[in-house]
Amino acid sequence: MLLGPLLLIPALFSICDALPLQKTAWKGAPSGSQQPGQSKERIDSLRPKYSCGPRFYRRELTDAERTTALKNLVQTYLVTLNDLGIETWLVHNTLLGWWWGKQILPWVLGISAQLSEPGVFFLAAYYNMSTFHFRGPGIPRERRYLLELSPHARDREQTDGSSAVDARWIDTSSGLFMDVYAVRYNLTHPGGEGMLSCKDGSKIKDTYLFPLRKTTFEGVPARIPYRYEELLMAEYGKGALGKLE
Ligand SMILES: *[C@@H]1O[C@H](CO)[C@@H](O)[C@H](O)[C@H]1NC(C)=O
Ligand SMILES: *[C@@H]1O[C@H](CO)[C@@H](O)[C@H](O)[C@H]1NC(C)=O
């Protein structure tokens, strides 16, 4: 596996930035947790503006605990949205992780997902601030996950100062969370018909996304974009997929 190009991929930082302890720990973190090739400024610019606050913070996680917590986070998210009948799919670093072994990449600090616009309306109408309880082989002690919709989740465009994140899936025992972005048809996009965008600036043509392919990720059912390989190449380059010319 080619680690060189992969290590430069910016990881979304997903520990609540309103937490003084976590923040301090992050800034002074020993080598290993900061991605090589990333300056602190770059990392700061990736911090989410929509913070889940200090509500759920308990203590700093070790690397192993964070990896397990991230795996549990994505598993519980995928299982829950699948149960609710909402289409959500892997993107960015989780899609790349899927490519390499259907798992979260080991150095990833944060993950995000995309879902359809009807999906975000449905969640906003019926499931905002719902808590989901999980226990299982990977989660021996019950954990609760909170689904929180941004106040701007229904807005089609990001307004000044509002968050680009539409929803958060929050592990209430660690404070780790996953950002979720709705993907909406964009009738004014210069790319023309069929363009979809998220408020974080990601864009995708519908024929690349749909029909979603069914697969598994971290051992649970998941969906990925139809033309995943081209999307990964466009985002990370051929080298990240082990293909060099
Ligand atoms: C979801 O609930 C939170 C907390 O009550 C609230 O701030 C937010 O505006 C709600 N979002 C939507 C889309 O209703
Ligand atoms: C459509 O795309 C343009 C250009 O990328 C962007 O400025 C605008 O916010 C997008 N609108 C929606 C509804 O996503």
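This is a predicted model: local features need pLDDT of at least 70, side-chain atom pairs count only at pLDDT 80 or more; totals for chains, interfaces and linings use all residues.
On conventions, residues count from 1 along each chain as its sequence is written, while chains are lettered from A and ligands numbered from 1 in the order in which they are written. Local features need pLDDT of at least 70, side-chain atom pairs count only at pLDDT 80 or more, and totals for chains, interfaces and linings use all residues, with side-chain values using heavy atoms and leaving out hydrogens and water.

Let's start with ligand 1. Asn128 brings a polar side-chain atom to 2.3 Å from an oxygen atom of ligand 1. Leu149 and Ser150 take part through the backbone: an N or O atom of Leu149 sits 3.3 Å from a nitrogen atom of the ligand, and one of Ser150 sits 3.4 Å from a nitrogen atom of the ligand. On its own, ligand 1 has 360 Å² of accessible area, and the protein covers 62% of that (Shrake-Rupley method, 1.4 Å probe).

Now for ligand 2. Around it you'll find Arg156, Glu157, Asn186, Thr188, His189 and Ser197. This shell has no nonpolar residues, four polar and two charged. Asn186 has a side-chain N or O atom 2.3 Å from an oxygen atom of ligand 2. For Glu157, the distance from a polar side-chain atom to a ligand oxygen is 2.6 Å, and for Ser197 it is 3.1 Å. Taken alone, ligand 2 exposes 360 Å², of which the protein buries 62%.

Is Asp179 buried or exposed? Asp179 counts as buried because its relative accessibility is 4%, and buried means under 20% (1.4 Å probe, protein chains only). The Asp179 side chain also makes a polar contact with the side chain of Arg168, at 2.3 Å (a pair of N or O atoms within 3.5 Å, one able to donate a hydrogen and the other to accept it; residues adjacent in sequence count only if both atoms are side-chain atoms).

Finally, an unreviewed UniProt entry annotates residues 199–237 as "domain: LicD/FKTN/FKRP nucleotidyltransferase"; such annotations may be inferred rather than shown by experiment. Over that stretch the chain is 33% helix and 33% strand, with helices being DSSP runs of H or I, at least four residues. The end C-alpha atoms of residues 199–237 are 23 Å apart.

Notes
A residue is near a molecule or strand if one of its heavy atoms lies within 4 Å of it. Ala, Val, Leu, Ile, Met, Phe, Trp, Tyr, Cys and Pro count as nonpolar, Asp, Glu, Lys and Arg as charged, and the others, Gly among them, as polar. Buried means under 20% relative accessible area, exposed over 50%, partly exposed in between (1.4 Å probe, protein chains only). Helices (H or I, at least four residues) and strands (E, at least two) are DSSP runs, numbered from the N terminus.
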